[in-house]
Amino acid sequence: MKLTLHVWRQKNAQDRGRMVRYEVPGVNEHMSFLEMLDVLNEGLIEKGEDPIAFDHDCREGICGMCGFMINGKAHGGFKGTTVCQLHMRHFKDGDELYLEPWRAAAFPVVKDLVVDRSAFDRIIAAGGFISVPTGSPPDGNAIPVRKQDADLAMDAAACIGCGACVAACKNASAHLFMSAKVSHLALLPQGQVERTRRVVSMINQADAEGFGSCSNEGECEAVCPKEIPISNIARMTREYIRARLSTR
């Protein structure tokens with residue numbers, strides 16, 4: 001099949017950027033979306049043109065590196081699917097696709113479809129961890145955990161930090177990302193010691209990074225490739241209120 005791509009090209013964060021049109025013939029329906037971009041880039045390199053920059057690593061929906069807007073939808077808008085898991089069989093001959101990077105002040109454009117998501121790293125560094133003494137790890141069954149809590153913690157831990165939730169939110173909120181990390185650790189016995197400090201520090205860091213407040217519309221859950229539920233945001237809010245009341 002033949003596709004027409006309108007791709008956002010931007011040299012760096014200071015560049016104004018613009019949409020550039022590309023014709024991509026000979027697209028195989030069994031290609032992944034990123035493989036299709038690889039083919040396009042090979043053609044651009046052969047012509048001496050600058051290839052389109054896009055993030056990728058595992059190409060298995062695990063690492064969270066890939067991610068951009070396809071026709072205004074994060075990761076293309078297919079449920080539970082990252083861009084690297086999206087295949088060309090979902091499109092048809094003659095389709096026009098518009099590719100843009102995540103749009104958020106906290107995610108400055110590095111080049112083309114690549115954005116700097118190090119703000120997420122700084123949020124995690126602010127509190128998304130458990131401080132433990134070094135040494136041999138304890139036996140997995142040494143600390144009992146209720147199955148309900150274990151299941152909820154595992155669901156929250158599925159977050160891959162791709163940033164789709166931020167891109168889909170009209171306020172560019174990082175609440176779903178943060179709440180997944182807060183829930184994951186708050187539900188486990190190992191996370192109790194730093195529970196109060198963790199949620200306050202992470203939310204304060206998110207505010208400092210320029211992320212907006214939650215719009216409560218659920219767009220983040222709709223585009224999350226790991227289908228993280230927004231019930232985690234409610235849990236994070238309760239954790240934050242409890243933390244604030246405990247420090248008074």
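Predicted model: local features only at pLDDT ≥ 70, side-chain atom pairs only at ≥ 80, totals over all residues.

Q: What angle do the axes of H2 and H6 cross at, and within what distance do they come?
A: Roughly 155°, and the axes come within 7 Å.

Q: So how do H2 and H6 run: roughly parallel or roughly antiparallel?
A: Roughly antiparallel, because the angle is over 145 degrees.

Q: Which residues meet there?
A: From H2, Ala 119, Arg 122, Ile 123, Ile 124, Ala 126 and Gly 127. On the H6 side they meet Arg 197, Arg 198, Ser 201, Met 202, Gln 205, Ala 206 and Glu 209.

Q: How does the contact of H2 with H6 divide by residue type?
A: Into 6 nonpolar, 3 polar and 4 charged residues.

Q: OK, next pair. How do H6 and H8 cross?
A: Their axes cross at roughly 110° and come within 9 Å. H6 covers residues 195-209, H8 residues 231-246. Since 65 to 115 degrees counts as roughly perpendicular, that is how H6 and H8 lie to each other.

Q: Left-handed or right-handed, H6 past H8?
A: Left-handed.

Q: Which residues make the contact?
A: H6 brings Arg 195, Thr 196, Val 199, Val 200, Ile 203 and Asn 204. H8 brings Met 236, Glu 239, Tyr 240, Arg 242, Ala 243, Arg 244 and Ser 246.

Q: And how many nonpolar, polar and charged in the contact of H6 with H8?
A: There are 6 nonpolar, 3 polar and 4 charged.

Q: Switching to rings. How many aromatic pairs in the whole structure?
A: A search finds 7.

Q: What is the geometry of Phe 107 and Phe 120?
A: Ring centres are 5.2 Å apart and the planes stand at 80°. Planes over 60 degrees apart count as edge-to-face, so this pair is edge-to-face.

Q: Where do Phe 107 and Phe 120 sit in the chain?
A: Phe 107 is in the loop between strand S5 (96-100) and strand S6 (109-111). Phe 120 is in helix H2, residues 118-127. They are 13 residues apart, and the pair links distant parts of the chain.

Q: Is Phe 107 buried or exposed?
A: Phe 107 is buried, because its relative accessible area of 1% falls under 20%.

Q: And Phe 120, buried or exposed?
A: Buried, with a relative accessible area of 4%.

Q: Last one. Which residues form an aromatic cluster?
A: Phe 33, Phe 68, Phe 78 and Phe 91 form one.

Notes: Residues numbered from 1 in each chain as written. Heavy atoms only, no water. Axes fitted to C-alpha atoms, helices over the stretch in contact; angles between N-to-C directions. Helix = DSSP H or I, 4+ residues; strand = E, 2+ residues; numbered from the N terminus. Parallel < 35°, antiparallel > 145°, perpendicular 65-115°, else oblique. Left-handed = near helix turned anticlockwise from the far one by under 90°. Contact = heavy atoms within 4.5 Å. Nonpolar A, V, L, I, M, F, W, Y, C, P; charged D, E, K, R; others polar. Phe/Tyr/Trp six-rings, centres within 6.5 Å; stacked < 30°, edge-to-face > 60°. Buried < 20%, exposed > 50% of the residue type's maximum accessible area, 1.4 Å probe, protein only.
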